[in-house]
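Keep the viewer open as you read.

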Amino acid sequence: RRVLARLLLLAFSAVAGLLVAELAVRLIRPQPVMLVSPGLYAPDPPRRYRLQPGFEGSVTNRVEFDTRVAINRQGLRGPEIGPKAPGTFRVLVVGDSFAFGVGAREGETYPAQLQRILRSRGRRAEVLNAGAPGFGVPDAVAWFQRWGWTLEPDVVLVTVFVANDLQDAAPGGPKAVAVDGVLMIEGEKKRSLSRWLYYHSHLYVLLKTSALGGLARRLLGAPEPLETRELRAELELYSKGRLSKAVREGTKATEEAVASLARSAGGARVL
């Protein structure tokens, strides 16, 4: 009984210590992790996904921002729109999270600000935001060729973030897919202890991204976190060495996608 009592005391002490450490990290050094209300993403075969029409929810990284997001019936971020009125100059912005405006309120996104600028200069303009987090340019072009052309834009404005857009466009790279309204890397387990801890524990994220976490992974033979691998690949773009195969392939796929968009945009200009 004494051994059992000591084991219980040890377990209680360990749990209490972890709870205190978790609270301390949340108060002193909270860890940013991207959290999106389930339901923002919907499968869109044969491509990977699109934004779910009619979605309302929030996007936060737990530290810097917590913004409300609304997707209209056309799958665009922003208010509902009707048929294009005569004399209206309509710009359709396609791209990734930079176009979508992760961290920005609806009126702060660059498409919304572009619309304000054009209207302030006397243009009867509409700027529609078709940005989708995680898209590479081939994804944005595929979305336009299936859904965007019906909006009758005068200009299709392609937003390119040179770093991860090239990775996202690479044919053999890790791809995110929509599962039950959230994005997951293909093959990733939705229900696992490590995934749950990543999204709920600031202490776990701090340890995972620290030097101590790296040492533990090496000792256990565990792979490097996906986030770290992706960041290293992005930083390759700014090095003086030779670009990786994935970046070269992503560049080629991006150029081919833009050429395809130019051919399929009808009377719209592609910028």
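## Overall layout

In this predicted model, the protein is built from 10 helices and 11 strands. Taken along the principal axes, a box of roughly 85 × 40 × 35 Å holds its C-alpha atoms.

Sequence separation is worth a look too: among contacts between residues at least 6 apart in sequence, 65% join residues at least 24 apart.

Of the 271 residues, 39% count as buried. The protein exposes about 16,100 Å², and carbon and sulfur atoms supply 60% of that area.

## The largest nonpolar core

In soluble globular proteins, nonpolar side chains tend to be buried together. Which residues touch the most other members of the largest nonpolar core here? They are L76, L92, V94 and W143, in a core of 31 residues. Two or more residues each come from the strands β3 (47-51), β6 (89-95), β7 (125-131) and β8 (155-158), and from the helices α4 (137-146) and α10 (245-264). The largest share, five residues, belongs to α4.

Leaving aside residues up to four places away in sequence, L76 touches A70, I71, I81, L92, L128, N129, A130, W143 and L151.

## A separate core

Another core, of eight residues, lies apart from the largest one. Its members include V91, A125, V155 and L157.

Conventions:
Residues numbered from 1 in each chain as written. Predicted model: local features only at pLDDT ≥ 70, side-chain atom pairs only at ≥ 80, totals over all residues. Heavy atoms only, no water. Core = buried A, V, L, I, M, F, W, Y, C linked by side-chain atoms within 4.5 Å. Buried < 20%, exposed > 50% of the residue type's maximum accessible area, 1.4 Å probe, protein only. Helix = DSSP H or I, 4+ residues; strand = E, 2+ residues; numbered from the N terminus. Contact = heavy atoms within 4.5 Å. Areas by Shrake-Rupley, 256 points an atom, 1.4 Å probe, with all protein chains shown as cover.
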